[in-house]
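Hi there,

Here is the structure I promised to pass on.

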Amino acid sequence: MKRIVIMGATSGIGLRVAEKLAQMGWLVGACGRNEEALADLQNRFPDNVKTAHIDITRAGAPKELLKLIGEMEGMDVYFHISGVGYENTGLNLRDELSTMETNVVGFTRMMVTAYRYFRDTGMPGQIAAITSVAGTNGIGRLASYSSTKRFQQTYMRALNQLATIDGLDIRFTDIRPGWIRTPLLDPSEQYPLTMRLPYAVPRIMNALLRRKRVSVIDWRWNILVGLWRLIPNSLWVKMPIPVSTKVPSPVQEETNVLEAATDPA
């Protein structure tokens, strides 16, 4: 039985992937902060799901991860999906730092733990993560988010090199989606080239199971990302890259909606 730990398995992409792998007969270690969602997942797949309440922003998260791996009697794949992001044109410092704390500090904390597990046990394995197409270039409306996703991509590349130097059999998979309609997206907003979970998840699963090194989800975003890479910095900084547009509704006309959490991944 293949064993996978999914960090961020309580909603959206993580929950869907956990469900599908459990149905396929995998042993899934589902992690996250929503204990009710974790309990529901375990109740539906009692023989294939073990759970752990883990907050990656907490210093004790690595200990909890290793405890879960022990309960699973090992780990073949670590899949990191946890992340936050804000369309923060006002550069609210709390939101910027919160994004950094989760997407950089928390991400590093858990990736290091997974890497050390495979290194110390000598077991072959795979470390995968959902990053984002936003990591291609810095996006003004998503300054902290796009920067943290670039960090994640570079960090995984560095770990891949380190594993080669260390002579470890670890495969790395960097999955880069565009906008996916998950609970993190504001339902009152429209986002460019938005994908639905039933469309995106099979493509994410394919990248994970085929152990692709880098996979952009989907072909439209792959073309767009290729074009972004060709734009010189002097021109990029002058481009007002759109992120979202308001969908008119009676509720929005009567209320002042705060900038919502937005996470392309």
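**Salt bridges and their surroundings**

R94 is exposed, with a relative accessible area of 63% (buried means under 20%, exposed over 50%, and partly exposed in between, using a 1.4 Å probe and protein chains only). Its partner in a salt bridge is D95, at 3.5 Å from N to O, and D95 is buried at 13%. I call a pair a salt bridge when a side-chain nitrogen of Lys or Arg lies within 4 Å of a carboxyl oxygen of Asp or Glu. That rule gives a count of 9 salt bridges.

A word on the basis: this is a predicted model, in which local features need pLDDT of at least 70 and side-chain atom pairs count only at pLDDT 80 or more, while totals for chains, interfaces and linings use all residues. Residues are numbered from 1 along each chain as its sequence is written, and side-chain values use heavy atoms, leaving out hydrogens and water.

R3 and D76 are both buried, and they form a salt bridge with the closest N and O atoms 3.3 Å apart. This pair links distant parts of the chain, 73 residues apart: R3 sits in strand β1 (residues 3–7) and D76 in the loop between α3 (61–71) and β4 (77–80). Helices (H or I, at least four residues) and strands (E, at least two) are DSSP runs, numbered from the N terminus.

Within helix α2 (residues 35–44), R44 and D40 are 4 residues apart, about one turn of the helix. Their salt bridge has its closest N and O atoms 3.0 Å apart. R44 is partly exposed at 39%, and D40 is partly exposed at 39%.

Best wishes
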